[in-house]
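Good morning, and thank you for coming. Please look at the sequence and the structure as I show them.

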Amino acid sequence: MTNIKVRFAPSPTGFMHIGNTRTALFNWLLAKKLGGKFMLRIDDTDKLRSKEEYELAIRDALNWLGLDWCEESRQSARFERYNEVVEKLKKDGRIYACYETPEELEFMRKRLLNKGLPPIYDRHSLQLKPEEIAAYEKEGRRPHYRFKLLPGEIKWEDMVRGTCRYEADKLSDPIIIREDGSFLYHLPSVIDDVDFGITHIVRGEDHVTNTASQVQMFEALGGKVPSFAHLPLLTGKEGKLSKRLGSLGVRDLRADGVEAMAISSFLAKLGTSEAIEPYYDLESLAASLDLSKIGRSQPKFDEEELKIFNTKYLHNLPYEKVKGRIDADENFWNAVRPNLQKVADIAEWEKICRQPLSPIIEDKTLTDLAAEILPPEPWNDETFKSWTDALKTKSGKKGKDLFHPLRLAVTAAGNGPELKTLLPLIGREKILARLKGITA
């Protein structure tokens, strides 16, 4: 049994957008590819912004996408454990109190930048004397806490970026606890990853610097440093980060009729050296995963391109994947799917084929003649051609002048599935009536 384990760790402070959908997908695919486990971790340490409706929406999105998990945890239930680790790290000299206000820190940052220096915290609070600390506390200041980085090179082999190196003395000691006692992302995430045995972490490249600090946190806790993969961030079609990407979510795409596997197929290959092609199950998509084929440039995500891809996906979607969602049988589905943009569109074609409609008679002479020579059933693949060839000869009409009036009479629509395919689905009785202008 493999010990591979990955996690998806959303914060329930908003609906699941396309960026973290991609992160969830890659983690799930990697777990499946390596024969490991996929864990859901709810990062709800932000008490003010975390909402149950967002968490439910995240779970619903994951379930709809088929990204099932075998284990879950919740950070808000683990504060006792986090505080226990903090006390240990304080004793080890790896966590220390700082008393600067946000305004003072911002002033220090700007001063360093103006001098052309990196804005690294100078560890001034480590030099404070007891009486200075007492004066600050009497003043009403409450400390925030930082994790102390040890000097030396921080290095890891990233599954996407290759070798990553940082010099610890060129990084600021990260703040891990705010003045109000609430935790920032960094340390609780590492504690969870150690405690739950996370072996691989896939996340956005905006976390790369965090990773450098967290490598030392893993080491300070005596945990094994996981393997990391940092994905280039998605950009809008304009080539820059877009507010739309931050709000466009799975539930919006689902409401627009985009299929779950179309989303997964599209996101899994976007920004890779591979063609974006439809996959019809997550297992085969996982088998195709190759992180080495992910490019370093930020891929452009275009919602319209996804919807066009969704149409392509539908045109070969097996009946087995939709039979519980539609009333039609397999023959009907196979006949109309090349003309669908979303599965729900099939309702229109079921209406054309099965419900009474009022035909549009554009050329009565032609449609009367068509009714007169309509072949008897049963029909086969050659019936439509032999019928229209005979109609062409008798009427002297061809091309649009022949086929458009037939389509309007038979379907009351100007376009749609091939008439050759539709005729057997509608049946001779209805077609004959419609050609004669009768609602049928």
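Helices (H or I, at least four residues) and strands (E, at least two) are DSSP runs, numbered from the N terminus. By that definition, the protein has 19 helices and 10 strands. This is a predicted model, in which local features need pLDDT of at least 70 and side-chain atom pairs count only at pLDDT 80 or more, while totals for chains, interfaces and linings use all residues. Residues are numbered from 1 along each chain as its sequence is written, and side-chain values use heavy atoms, with hydrogens and water left out.

Let us turn to overall dimensions. The radius of gyration, taken over C-alpha atoms, is 31 Å. A compact globule of 440 residues would have a value near 22 Å, under a rule of 2.2 Å times the number of residues to the power 0.38. Along the principal axes, the C-alpha atoms fill a box of roughly 105 × 50 × 40 Å.

How much of the protein is buried? Buried means under 20% relative accessible area, exposed over 50%, and partly exposed in between, with a 1.4 Å probe and protein chains only. Of the 440 residues, 47% count as buried. In helix α15, residues 364-372, the buried residues are Leu 366, Thr 367, Leu 369, Ala 370 and Ala 371. Their cover includes α16 (383-395), α17 (400-411) and α19 (428-435), where contact means heavy atoms within 4.5 Å.

Finally, I consider the cysteines. Cys 70 is exposed, at 52% relative accessible area, whereas Cys 164 is buried, at 7%. A search of the whole structure finds zero disulfides, a disulfide being a pair of cysteine sulfur atoms within 2.5 Å.
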